[in-house]
Amino acid sequence: MKPYIQFEQMSFSRGRNLIFDRIDMAIPRGKISAIMGPSGTGKTTLLRLIGGQIKPQSGRVLVDGLDMAKASSQALLAMRRRLGMLFQNGALFTDLTAADNVAFPLREHTRLPPALIARIVALKLQAVGLLTAADQMPAALSGGMARRVALARALALDPELMLYDEPFTGQDPINVGVLLRLIASLNQALGLTSVLVSHDVAEVFAIADCVFVINEGRVVASGSPDELRAQMPHVPFLRQFLEGAPDDTQSVAGQQSANNLARALGLKRVDDNRPSTKGTR
Amino acid sequence: MNRVFIALFNGLAALGQGVLSAAAHTGQLFLFTGQLMGRLLPAWTRPKLIVQEIYAIGVLSLVIIVISGGFVGLVLGLQGYNILSKFNATESLGVMVALSLVRELGPVVTALLFAGRAGSAVTAEIALMKTTEQLSAMEMMAVDPLRRVIAPRFWGAVIAMPLLAGLFSLVGIMGGYFIGVLVLGVDSASYWGQIQQQMQPMDDVMNGVIKSLVFGAVIGLVAVFEGFNAEPTSLGISRATTRTVVLSSLLVLGLDFILTAWMFGA
């Protein structure tokens with residue numbers, strides 16, 4: 001099947017900082033794909049490139065065949081109506097209630113009568129388990145609730161493509177579980193294509209069909225979670241990232257500076273140069 | 001000697017940096033103005049949004065404008081009476097107060113207060129929307145933030161400003177009446193009669209209206225531009241808000257001189 005999103009030799013830089021270096025990536029239709037990588041590797045930037053908010057310096061980003069960099073503003077708007085995005089902090093409109101937030105895209109893009117909009121809003125809020133919070137302002141919602149309201153808003157226009165930006169960051173384990181279930185069940189029930197960027201390995205591996213790991217501007221590994229586990233022994237960065245092992249050079253440097261501090265404080269013999277993890281003497 | 005040269009070159013480099021950054025900022029402002037122009041008429045397809053902004057920007061500024069207008073009128077009445085009484089011309093107090101207000105003080109003082117009260121609020125609101133990714137979210141929902149958020153606020157400022165300036169002048173004239181006629185004993189008929197006789201609706205009033213429209217547009221443009229282009233941090237919001245008040249106040253005073261020279265110059 002033709003991929004829904006395709007990156008072809010795409011490069012993007014901010015000033016002199018090269019974020020992506022000629023990457024190729026094909027995100028399959030109807031599946032949950034995850035883009036993973038350490039903080040600061042440009043995962044959110046990748047979502048903005050998919051949404052056409054920023055344009056690559058070279059190469060192409062094709063979303064359902066549409067080149068997002070060269071599309072006319074009309075075509076870009078039409079494409080954006082087919083996608084929903086869950087922002088990391090929810091990005092709810094703070095002057096509107098939860099229900100009005102969910103109704104916002106419906107009021108902007110449809111001419112449905114208010115009664116019908118109210119029913120759709122109620123359905124969407126019910127889908128994320130927050131019908132009772134309909135009249136609350138975003139400031140009165142907890143972080144997890146705000147993210148679920150934002151999810152309901154992103155789903156308001158029944159998108160084909162859902163983009164999730166770090167959906168699990170800062171959430172308690174119960175909320176993470178709720179979000180995981182929601183993302184997986186929505187994808188299956190509505191036949192969406194979902195792209196989520198995250199660095200939460202366990203959560204992503206639980207629901208993703210396909211995972212791309214990026215580091216220093218390149219895709220260093222891709223495949224299903226099982227395939228990535230199989231690749232782990234052969235790709236050092238992958239092993240380090242998936243197992244959460246500390247960076248070797250950093251850990252040695254860190255240990256040395258801790259030793260120096262301990263010596264300065266008189267907690268360690270000056271002639272003891274061996275790295276130690278047994279605490280002070 | 002070397003140190004002197006280094007200090008000199010550093011100073012020169014800093015000056016060049018400042019000029020470059022000011023030029024870039026001005027360029028951005030022109031680009032932004034061009035983009036906004038294209039959205040000004042389409043914004044009227046949603047008049048409710050503009051009315052909401054007139055309320056938020058104009059109606060909520062009423063208290064400060066009315067109180068300030070009253071005090072300015074009282075002071076003008078008092079000062080005017082003191083000067084005119086030296087020439088036995090206190091019956092001209094009304095026209096002096098009215099002309100000062102309608103031609104100058106109404107538009108200018110209202111604009112300065114408006115920049116502080118409404119301009120800063122508009123900048124802070126838009127900058128915060130940007131910082132919390134609300135504008136970005138709107139864009140991803142295929143809603144143009146320039147048309148949905150920026151253009152209605154600009155129109156709100158352009159429409160509210162002349163109405164507030166008119167109210168300021170009206171309350172100021174009442175303040176002058178209170179101090180001149182009711183407290184200091186100027187003849188009431190002279191106060192109003194002179195205003196009626198000597199004020200030219202097309203010259204004096206219309207010029208005041210034009211001034212306040214221009215000031216409203218300038219403050220509205222600066223406020224939305226600074227908010228939209230603010231750095232998305234708390235420091236960025238604070239800097240943008242300050243820039244709105246400083247820049248729009250300076251532009252109002254500079255433009256007032258140019259407009260006065262054009263309208264009333266030799």
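Mentor: Some terms come up at once: two strands pair if DSSP finds at least two bridges between them, and strands (E, at least two residues) and helices (H or I, at least four) are DSSP runs numbered from the N terminus. This is a predicted model, in which local features need pLDDT of at least 70 and side-chain atom pairs count only at pLDDT 80 or more, while totals for chains, interfaces and linings use all residues. Residues are numbered from 1 along each chain as its sequence is written, and chains are lettered from A in the order in which they are written.

Trainee: OK, how many bridges join strand 1 to strand 4 in chain A?
Mentor: Strand 1 (residues 5–14) and strand 4 (residues 58–63) of chain A run antiparallel and are joined by five bridges; within this pair, Gln6(A) stands opposite Leu62(A).

Trainee: And what order do the strands of that sheet take?
Mentor: The order is 2-1-4-5 in an open sheet of four strands of chain A, with antiparallel pairing. Strand 2 (17–27) and strand 5 (66–67) of chain A each have a single partner strand, so one side of each is left without a neighbour in the sheet.

Trainee: Switching topic, how many residues of chain A are in contact with chain B?
Mentor: There are 13, facing ten residues of chain B, where contact requires C-beta atoms, placed from the backbone, to lie within 7 Å. Helix 2 (73–81) and helix 3 (98–109) of chain A each supply at least two residues of that side of chain A.

Technical notes:
Contact = placed C-beta atoms within 7 Å.
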